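Reader: I would like to learn how to read a few local features from a model. Please take them one at a time.

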Amino acid sequence: MSTRLTLGTSSTGVFRETQSGAATNSSVASSIESGAGTKAGWNLAAKRVLGLSDDEAGGVFRSLPLELIILSATESDLERLIERAEANGLLARVERVSASYETCTRHPRLGRDQLCRRCQGRACGACLKLTPERLCDRCAPRIRRRGRFRRARIAALLLVLAFVASAAFLDAQRVASWKLPVDVTIHPVRLAQDNAIEELDALESSVFEEVDTFVDHEAKRYGVQVIPQVVRLSLGRSIPESPPTPPESASPLAVILWSLKMRWWSWQTARKYGLEDAHVRLFVRYHGREMATLEHSLGLEKGRVGVVHLFADPTQWATNNVVIAHELLHIFGATDKYGPDGTPTFPAGYAEPERAPLHPQVEAEIMGGRIPLTPTESVIPEHLGLCTVGETTARELGWIQD
Ligand SMILES: [Zn+2]
Ligand SMILES: [Zn+2]
Ligand SMILES: [Zn+2]
């Protein structure tokens, strides 16, 4: 024979018609004398008769009305339970029931009489209303395991991120140290509409050799020597998708966000298309003759990645190498040395700032980008043979130590 215990307060309306006021008052009176009207007194009875933990016993007051099936209890146990419930302001009703119930594994004194919302199986009232999961004794451990699994997954993700960050840091160290060769891989971006650009089929690593030679030669002029050479450019696999579009505004936040997006994209793309290992990646979008002007190229310092826009026309390939070298040096820490109108700034943007007379210059400082002919006129160098790395740039690159 089991007992159905119903707990409520007068405001929960469970008892309004059945409860006898006189009986309640007398039990309150007796319990005050015995000190049973404390939360500790209730917890003790709930633990003994219902098998509830302290947390669960305390939770009863927030979970009213509450219905529990007590599988077995003596008359005196029940009496004490009711007494302590009422002394704590609860209204309690007990009722003998003849139906038989399965035993709850979490609460062995209670029977499973209600439905779990997750599995629709039977569950005891304490499991459904007093446990943190509010699920049956079979579902609750699964949910807890899943929580642990989720936490483990987040931990693994953080580990991967830490790994990516440290790999990026090591690449940055390698680049900044100028003691080991830096491998730069050029990945042409070939979208579906670019398939018509046949010139790209003729691209090969040797096209970029001028850049290797230029950087190596300029580094040597400042006493930086790396065996066999400072940078090694090679043509890598093409990819069929565009890098994230650079921000319209030059606000620092927009640039930082784009830079994060760009690094993440580069890392993901390298995995997705099985790209060759590289310390630095340049994603190059080649444009056909119909394009008059090109989007701005961007080299990300510390991101070890750049997006470069070039003309596909082979007669432009030598000029393309000037753009590639310029963006590459950005990645290595060099800044632009030209004004808003594109005119190189004096003296840092000049190849020979001490030349007399100053104009016309015969070479371009690579980060100044153009050869100044007069104070206001300048031309784009046709090849890297007409470019040098100035002292300010060399300092930024760490080729000159103060
Ligand atoms: Zn369940
Ligand atoms: Zn239970
Ligand atoms: Zn630039």
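Reader: Where is the place of proline 357?

Author: Helices (H or I, at least four residues) and strands (E, at least two) are DSSP runs, numbered from the N terminus. Proline 357 sits in the loop between α9 and β11. This is a predicted model, where local features need pLDDT of at least 70, side-chain atom pairs count only at pLDDT 80 or more, and totals for chains, interfaces and linings use all residues. Residues are numbered from 1 along each chain as its sequence is written, chains are lettered from A and ligands numbered from 1 in the order in which they are written, and side-chain values use heavy atoms, with hydrogens and water left out.

Reader: Which peptide bond from alanine 356 is cis?

Author: Most residues other than glycine have a negative phi, and most peptide bonds are trans. The bond from alanine 356 to proline 357 is cis, with omega near -5°. The bond from phenylalanine 346 to proline 347 is cis too, with omega near 0°, and proline 347 is in the loop between α9 (317-331) and β11 (364-365).

Reader: Is tryptophan 178 buried or exposed?

Author: Buried means under 20% relative accessible area, exposed over 50%, partly exposed in between (1.4 Å probe, protein chains only). Tryptophan 178 has a relative accessible area of 6%, so it is buried. Its phi is near 55°, a positive value in a residue other than glycine.

Reader: Which protein donors does the zinc ion (ligand 3) have?

Author: Donors are N, O and S atoms within 2.8 Å of the metal (3.2 Å for Na, K and Ca); water is not among the atoms, so sites may look incomplete. His326 (NE2), His330 (NE2) and Asp336 (OD) lie 2.1 Å from the zinc ion (ligand 3).
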